[in-house]
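Here is a short briefing on one structure. Take a look at the sequence and the model first, then read the points below.

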Amino acid sequence: MGNDGAAAMARLHAAGGRTLAEAEESAVIWGMPGALVRGGGATQVAPVEAMAAWLRHWVEA
């Protein structure tokens, strides 16, 4: 636990994809999202209650 998905998401971000990480304040365990944020691979960091709005924003843009 901790960086299991962060490396793949960081590659996606580096290739121009959008990545969304859960904010530390809403995460029960901030392992993978934290690894992604610390590694600079998150396009956006948002609390869990705002994540759907970010996804909607990206799809509608």
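Apart from neighbours up to four places away in sequence, Ala6 is in contact with Met32, Ala35 and Leu36; contact means heavy atoms within 4.5 Å. This is a predicted model, in which local features need pLDDT of at least 70, side-chain atom pairs count only at pLDDT 80 or more, and totals for chains, interfaces and linings use all residues. Residues are numbered from 1 along each chain as its sequence is written, and side-chain values use heavy atoms, with hydrogens and water left out.

**Ala6**

- Ala6 sits in helix H1. Helices (H or I, at least four residues) and strands (E, at least two) are DSSP runs, numbered from the N terminus.
- Ala6 is buried, because its relative accessible area is 7%. Buried means under 20% relative accessible area, exposed over 50%, and partly exposed in between (1.4 Å probe, protein chains only).
- Ala6 and Ala52 are 46 residues apart along the chain, and 20 Å separates their C-alpha atoms.

**How H1 meets H2**

- H1 and H2 pack at an angle of about 40°, and their axes are 9 Å apart. That angle makes H1 oblique to H2.
- Axes are lines fitted to C-alpha atoms, for helices over the stretch in contact, and angles run from 0 to 180 degrees between N-to-C directions.
- Angles under 35 degrees count as roughly parallel, over 145 as roughly antiparallel, 65 to 115 as roughly perpendicular, and the rest as oblique.
- H1 contributes Ala6, Met9 and Ala10 to the contact, and H2 contributes Met32, Ala35 and Leu36.
- The residues of this contact divide into six nonpolar, no polar and no charged. Ala, Val, Leu, Ile, Met, Phe, Trp, Tyr, Cys and Pro count as nonpolar, Asp, Glu, Lys and Arg as charged, and the others, Gly among them, as polar.

**Along H2**

- Gly31, Pro33, Gly34, Ala35 and Leu36 of H2 are buried. The buried residues of H2 pack against H1 and E1.
- Arg38 also belongs to helix H2. Arg38 counts as exposed because its relative accessibility is 61%.
- Beyond four places in sequence, Arg38 is in contact with Trp30 and Gly31.
- Arg38 and Arg11 are 27 residues apart in sequence, and their C-alpha atoms are 14 Å apart in space.
- Gly40 follows H2 and has a positive phi, near 75°.

- Trp30 is in the loop between strand E1 (20-22) and helix H2 (31-38). Trp30 counts as partly exposed because its relative accessibility is 21%.
- Not counting residues up to four places away in sequence, Trp30 touches Glu22, Ala23, Glu24, Ala35, Val37 and Arg38.
- The side chain of Trp30 reaches the backbone oxygen of Glu22 at 2.8 Å.
- Ala27 lies in the loop between E1 and H2 as well. Ala27 is buried, because its relative accessible area is 15%.

- Thr19 is placed in the loop between helix H1 (6-14) and E1. Thr19 counts as buried because its relative accessibility is 1%.
- A polar atom of the Thr19 side chain lies 2.5 Å from the backbone oxygen of Gly41.
- Beyond four places in sequence, the residues that Thr19 touches include Met9, Leu12, Leu36 and Trp58.

Conventions. Polar contact = N/O pair within 3.5 Å; in protein donor to acceptor, adjacent residues only side chain to side chain.
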